[in-house]
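Subject: Structure for you to look at

Hello,

Here is the structure I promised to pass on. My notes follow below it.

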Amino acid sequence: MKKVEAVIKPFKLDDVREALSEIGITGMTAIEVKGFGRQKGHTELYRGAEYVVDFLPKVKLDIVVKDEDVERVVETITTAARTGKIGDGKIFVTPVEKVVRIRTGETDNDAV
């Protein structure tokens, strides 16, 4: 099993969720986060004063999938989240050692 973590632009969340649902991915966690990469934030004007917004709003998705589904999930997120502009986000894939469904006690692939 693998954990796919994707950091995307907030307005792309519904597109990504729908695209993942179409390929059979039914569970994920979405967390509102702030961060920056090469984008380095931007300058805004508020009541006549200019200020720098260092951390930009993003959404982080956590999805645990079977090994054989990883590439399909990564491709789906990449396609659905891409705008072609800086700040589209990143995807990280890491191994998962164990999963337990609390309600039933099922473990690993059965719990996903």
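Glu5, Lys60 and Asp62 are linked in a network of salt bridges. This is a predicted model. Glutamate 5 sits in strand S1 and lysine 60 in strand S5, so the pair ties together parts that are 55 residues apart in sequence. Glutamate 5 is buried, at 16% relative accessible area. Lysine 60 is partly exposed, at 23%.

The count of salt bridges comes to eight. Two others to look at:

- Lysine 9 pairs with aspartate 88, with the closest N and O atoms 3.7 Å apart. Lysine 9 is in the loop between S1 and H1, and aspartate 88 is in the loop between H2 and S6, so this bridge ties together parts 79 residues apart in sequence. Lysine 9 is buried at 13% relative accessible area, and aspartate 88 is buried at 16%.
- Glutamate 106 meets arginine 101 at 2.5 Å, N to O. Glutamate 106 is partly exposed, with 31% relative accessible area. Arginine 101 is partly exposed too, at 27%.

Next, helix H2. H2 has 12 residues and reaches 16 Å from first C-alpha to last, close to the 16 Å expected. Its buried residues are Val70, Val73, Val74, Thr76, Ile77, Ala80 and Ala81. They cover an arc of only 165 degrees around the axis, which puts them on the same side of H2. The face turned away from that side carries the exposed residues Glu71, Glu75 and Thr79.

What does the buried side of H2 pack against? Strand S1, helix H1, strand S5 and S6. Threonine 76 is one of the buried residues of H2, at 13% relative accessibility. Beyond its sequence neighbours within four places, threonine 76 is in contact with Ala19, Leu20 and Ile23.

Now the core. The largest nonpolar core has 17 residues, and Ile8, Val16 and Ile77 touch the most other members. S1, H1, S5 and H2 each give two or more residues to this core. H2 gives the most, with six. Leaving aside neighbours within four places in sequence, valine 16 is in contact with Ile8, Leu61, Ile77, Ala80 and Ala81.

One backbone point to finish. Most residues other than glycine have a negative phi. Aspartate 108 has a positive phi of about 50 degrees, although it is not a glycine. Aspartate 108 lies in the segment after strand S6 and is partly exposed, at 27% relative accessibility.

Best wishes

Notes. Residues are numbered from 1 along each chain as its sequence is written. This is a predicted model: local features need pLDDT of at least 70, side-chain atom pairs count only at pLDDT 80 or more; totals for chains, interfaces and linings use all residues. Side-chain values use heavy atoms; hydrogens and water are left out. Helices (H or I, at least four residues) and strands (E, at least two) are DSSP runs, numbered from the N terminus. Buried means under 20% relative accessible area, exposed over 50%, partly exposed in between (1.4 Å probe, protein chains only). Contact means heavy atoms within 4.5 Å. The expected span of a helix is 1.5 Å times one less than its number of residues. The arc is that of the directions from the helix axis to the C-beta atoms. A nonpolar core is a set of buried Ala, Val, Leu, Ile, Met, Phe, Trp, Tyr and Cys residues joined through side-chain atoms within 4.5 Å. A salt bridge is a side-chain nitrogen of Lys or Arg within 4 Å of a carboxyl oxygen of Asp or Glu.
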